[in-house]
Amino acid sequence: ISRSVQIFRKVHQANIPIGIVNIGTEIPAVYALHQNFPNPFNPETKIKFELPKSGNVTLKIFNSLGQQVAILANNEFTTAGYKEMNFNAASLPSGVYFYSITAGEFSKTMKMVLVK
């Protein structure tokens, strides 16, 4: 019987979850979620969003049946600013997907298309 123990840790860099990248130094006036680019995509795309104040961010991907297929950020504390995340859908089949952000009281969902 092995007495090994696996330890999992979230890795953060300067209070920014790995994967969320700052793309500017200015602070936006309002929350926003932008259309992914490129769209349609194969297999990677970028999702940009804006946060006027620091707070927890959740960014999830759903298929056309409403089933959650990926979580890019799960209630991660994120500083205010213009942000960008990469999404790699190499393991998913072609189709229509939806990405949804929740930050503070802001919530928005947008459509993207994966074509392989």
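Reply: Let's begin with Y31, which counts as partly exposed at 22% relative accessibility. On this scale, buried means under 20% relative accessible area, exposed means over 50%, and partly exposed lies in between, with a 1.4 Å probe and protein chains only. Please keep in mind that this is a predicted model, where local features need pLDDT of at least 70, side-chain atom pairs count only at pLDDT 80 or more, and totals for chains, interfaces and linings use all residues. Residues are numbered from 1 along each chain as its sequence is written, and side-chain values use heavy atoms, with hydrogens and water left out.

Now to the ring of that tyrosine. Rings of Phe, Tyr and Trp (its six-membered ring) pair if their centres lie within 6.5 Å; planes under 30 degrees apart are stacked, over 60 edge-to-face, and the rest tilted. This rule gives two aromatic pairs. One of them is stacked, because the ring centres of Y31 and F106 lie 5.4 Å apart and their planes meet at 10 degrees. The two partners are 75 residues apart, so to speak from distant parts of the chain: Y31 sits in the loop between strand 3 (21-22) and strand 4 (32-33), and F106 in strand 10 (residues 106-114). Strands here are DSSP runs (E, at least two residues), and helices are runs of H or I with at least four, both numbered from the N terminus. F106 itself is buried, with a relative accessible area of 18%.

Two strands count as paired if DSSP finds at least two bridges between them. Strand 4 meets strand 5 (residues 44-51) over two antiparallel bridges, with A32 opposite E50. Strand 3 likewise joins strand 8 (residues 81-88) in the antiparallel sense over two bridges, where N22 stands opposite K83. Between strand 5 and strand 8, which run antiparallel, there are eight bridges, and K48 has E84 of strand 8 as its bridge partner.

Seven antiparallel bridges connect strand 6 and strand 7, and A70 in strand 7 is the bridge partner of I61.

Along with F49 and F87, I61 has the most contacts inside the largest nonpolar core, which holds 23 residues. Such a core is a set of buried Ala, Val, Leu, Ile, Met, Phe, Trp, Tyr and Cys residues joined through side-chain atoms within 4.5 Å. Strand 5, strand 6, strand 7, strand 8, strand 9 (95-103) and strand 10 each supply at least two residues of this core.
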